[in-house]
Amino acid sequence: MNKRTIVFSLMATLITLSLVFTGACSSEEGKPKPGSLKDPQEITLNLGGEVVTIDPNRASWSNERSVIMQCFDGLLAFNADLSLKAMVAKEIPTVANKGISSDGKTYTFKLKTNVTWSDGKKVTAKDFEYSIKRMLSPDLAAEYASFYFAIVGAENYFSATEKTAAEKTALRNAVGVTAKDDYTLEIKLNDALPTFINLMALWPSYPVRQDIIEQYGETWTAPPHYIGNGPFVLQEWVQQDHYTFVRNENYWGTKPYLTKVTYEEITDINVCLAAYRNNEHDQAGVPAGTEKAIMADATLSPEIVRYAQLTTYAWQFNVTKAPYNNKLVRQAIATAIDRVAYIDKVRGGVGKPTTSWIPPGMPGYDANLGSQYAFNPTKARELLAQAGYSDPKTLKIKFQYANTGTNPTIAAFLQAQMKDNLGVDLTLEPMDPKAYSALYNSKQFDSCFTGWGADYPDPDNWLPQLYGTNAGNNKTQYSSAQFDAIAAQALKELNETKRLQLWADAAKIVSDDLPMAYIFNRETFVLKKPWVKGQVTTGMDGQIAGDMFLREIYIQK
Amino acid sequence: MLRFVIRRILWLVLVLFIVLAITFILMHLVPGGPWDREKALAPKVVEALNKRYGLDKPLWEQFFNYIGGVLHGDLGISYSRSDRTVTSILMEGLPKTATLGVLAFILAQALGIPFGMAAALKQNSLIDYISVLFATIFASIPGFVLGILLMIIFSVTLHWLPTSGWGSVQQLIMPVLCLAALPAAQSARITRASTLDVMRQDYVRTARSKGLMENVVRVRHIFRNSLIPVVTVAGPELANLVTGSFIIENLFAIPGIGRMFVQGIGARDYSLIMGSILFYAITIALLNLVVDILYAAIDPRIRLE
């Protein structure tokens, strides 16, 4: 929230944009026993804050995704273990099945012929062509459009904000997405990009209805016009209050057990927990810091659901500013942080300490990476002396952060760690979240606290965007010619083994140079009522734990 | 009287223009814009968004475009709820906030005025002490503390009331109590003080000495005159209540405009901020006008001209 002078503790995290994927996944209980289903099959969950938009092409926040996922199915989707599966597509395109050309630049998706919209019309390749081109439209200004710039003509079209309508149409027609026939979609890329396939499982590429959008314009997202091809239909949306979904009785796939899903919008996490205890909600987050008490509570502890997320929090340094431009200073700081104490003593054991960037559960995770920066105060003081600060008092460092959620806690912890383990004074500068983001984006900060969550589970979403020279999210201004060369090669590499090896090499360079001190990976900690069964949690969950597989949930008597 | 009202309304137009100008300037002075977030948007995306919402134009042009829109009844598109116009957001939230506000206002006055008056008429009695005690408690306990307390008692422990949300009478009870607590306490204190003051006035002594019945003195002389300070405070109080409380709306998940406004500031949702400020300014100015007219009705010595 958030995020927002007034911040909602629900959004206790700094990562708000995008999804967060997890390595771990859980599938309990499986299918319901006959006769064990409660009637009616209804569930009430809390979405937290209001969305910006539920238009799939334009959405970018995790709570928006929680809504979109119930109403739309894309060409592809993620399994519980984060591998890809075919959804509207008949199969996942590969070079072997001729879905991907041998140069890796042309993708051909064959569509299932039985997929329908909730009003009964057929979903065709034209719907996907329309949707992807709409998402790339300069007038729509979709926030995830830049992810799809690998498509031929995409960037040119999206950049045409100042062009005439005729010029825009010409650029639109030049975008390399074509419905060859009703059930064949062809996408041409500028260059080989083996991870492109992941983007076809993400919400901006989900199909939307041209006739509806042209008829209702921006308000097409209001029910009953919000027509999708997913397992649920949005029946009611009362702003800031609730969403009601009902089962899509025309659903082309296996129909869900649940006949009704309600998302409420409680923004205060304490109230969310109270609503759960009053049996108004079937699942709830808990206020940060109360986890230990909940684990000790005889009623609530059996209802705890915990799983790791693909999110890493790090102390970032502005490597162009003194003293942070001194690698030894950065190494000294990183070695002086007792991450285990933070997780165990401050966070009640929720989360996982880490010394490297890519989180466990993702390709490219290396448990040993960065182990030389594990907590060691003696070594930290030596490194600081080597850096030229034999008197630690002479080192002045500043730390900027958004004053929301648990950030003040980590800031105070790091300040104490610096004082106790290095004898260094860390000046804390808490800021309004938007003001902080502006400072961070302008790269004017000293050092700061920020996290990163996966858009899709691959190192190419984690390394080049943050460590490539002048890359969009490289705010530390880290620059390594060697890293850039390896990354450029890895992005295009079609051999999967070789590709991952290249990313491992690139990750090692970053780990040695240490533009950030990595602190911990996030863990979801929620409560779920015992009668809610069949829950599958994954790293792809949006704002609501388990929201990617609500279609599997059933309510037991 | 009519001239007075017309003149005040004409002034209001100027006041609104100045309020909007100041808000606009302050809004753009605050660091961070609507598209700033930690996971940076691509520069081309920011460019397209600015173009879409007209933020690529010079500030003065943006301001006059906005004023032009307002004159045509168009408050623009919200950035943080981009499927919606600001007008529709305000129109949807306002009735909810106003319902809560008006109910809380009525409850506050219905409790505050009688208790304050009773306390003054029976000064230093048990009812006076009880009234002062409760007024002090309700004036000093923050709304969110009271709200959480009520929730723990009536929802979590007794399971009598839903914790939050909108739509049923039960859902109104706790937020209305929380909103009414402070104004009720203020009303009681002001009524008590002003009644004590009026009771010592010469005209009250005169009324008694000419042999009027005590009840007539109380109703005609004391009650009416002691209301002037109460009305003075009640105007802004009502304005405050109907424009919504972020804390109470956030706590009880009320889809009202108080919550939207503060979220709008956090999101740097310029059009939502401007629209809300415009609404607040009009509400406060109109209620002040009503207070002035009520003065004249209560006290014939006050002339509007």
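In this predicted model, chain A contains an open sheet of 4 strands, arranged in the order β2-β10-β9-β8 with mixed pairing. The edges are taken by β2 (42–46) and β8 (232–238) of chain A; each has a single partner strand, so one side of each is left without a neighbour in the sheet. From one strand to the next, the twist averages 20°.

At the β8 end, β8(A) pairs with β9(A), residues 242–247, in the antiparallel sense over 6 bridges. Within β9(A), Phe245(A) is the residue that stands opposite Leu234(A). A helix also covers part of this region: α1(A), residues 62–71, lies across β8, β9 and β10 (260–264) of chain A. The direction of α1(A) is at about 140° to that of β8(A).

Another pair of strands in chain A involves β5(A) and β7(A). These two strands run antiparallel and are joined by 5 bridges, with β7(A) spanning residues 184–188. Thr106(A) has Lys188(A) of β7(A) as its bridge partner.

Is Ser118(A) buried or exposed? A residue counts as buried when 20 or more other C-beta atoms lie within 10 Å of its own. Ser118(A) has 24 C-beta neighbours inside 10 Å, and therefore counts as buried. Leaving aside residues up to four places away in sequence, Ser118(A) touches Ile227(A), Gly228(A), Asn229(A), Val233(A), Asn248(A) and Asn250(A). Leu395(A), by comparison, is 277 residues from Ser118(A) in sequence and 63 Å from it in space, taken from C-alpha to C-alpha.

Chain A also meets chain B. The contact involves 55 residues of chain A and 46 residues of chain B. On the chain A side, the elements that give two or more residues are α7 (269–277) and α13 (433–441). The largest share, 7 residues, comes from α13(A). By class, the chain A side divides into 20 nonpolar, 20 polar and 15 charged residues.

In chain B, helix α2(B) covers residues 43–52, and Val45(B), Ala48(B) and Leu49(B) in this helix are buried. Viewed down the axis of α2(B), the buried residues fall within an arc of 100°, so they line one face of the helix. After α2(B) comes Gly54(B), with a positive phi near 70°.

Chain B also has a helix pair, made of α4(B), residues 86–121, and α11(B), residues 257–266. They pack at an angle of about 130°, with their axes 8 Å apart. That angle makes α4(B) oblique to α11(B). From α4(B), the contact uses Ile89(B), Leu90(B), Gly93(B), Leu94(B) and Thr97(B); from α11(B), it uses Ile257(B), Gly258(B) and Met260(B). This contact has 5 nonpolar and 3 polar residues, and no charged residues.

Conventions: Residues numbered from 1 in each chain as written. Chains lettered and ligands numbered in written order. Predicted model: local features only at pLDDT ≥ 70, side-chain atom pairs only at ≥ 80, totals over all residues. Contact = placed C-beta atoms within 7 Å. Nonpolar A, V, L, I, M, F, W, Y, C, P; charged D, E, K, R; others polar. Pairing = 2+ DSSP bridges. Axes fitted to C-alpha atoms, helices over the stretch in contact; angles between N-to-C directions. Parallel < 35°, antiparallel > 145°, perpendicular 65-115°, else oblique. Buried ≥ 20, exposed ≤ 12 C-beta atoms within 10 Å, placed from the backbone. Arc of directions from axis to C-beta.
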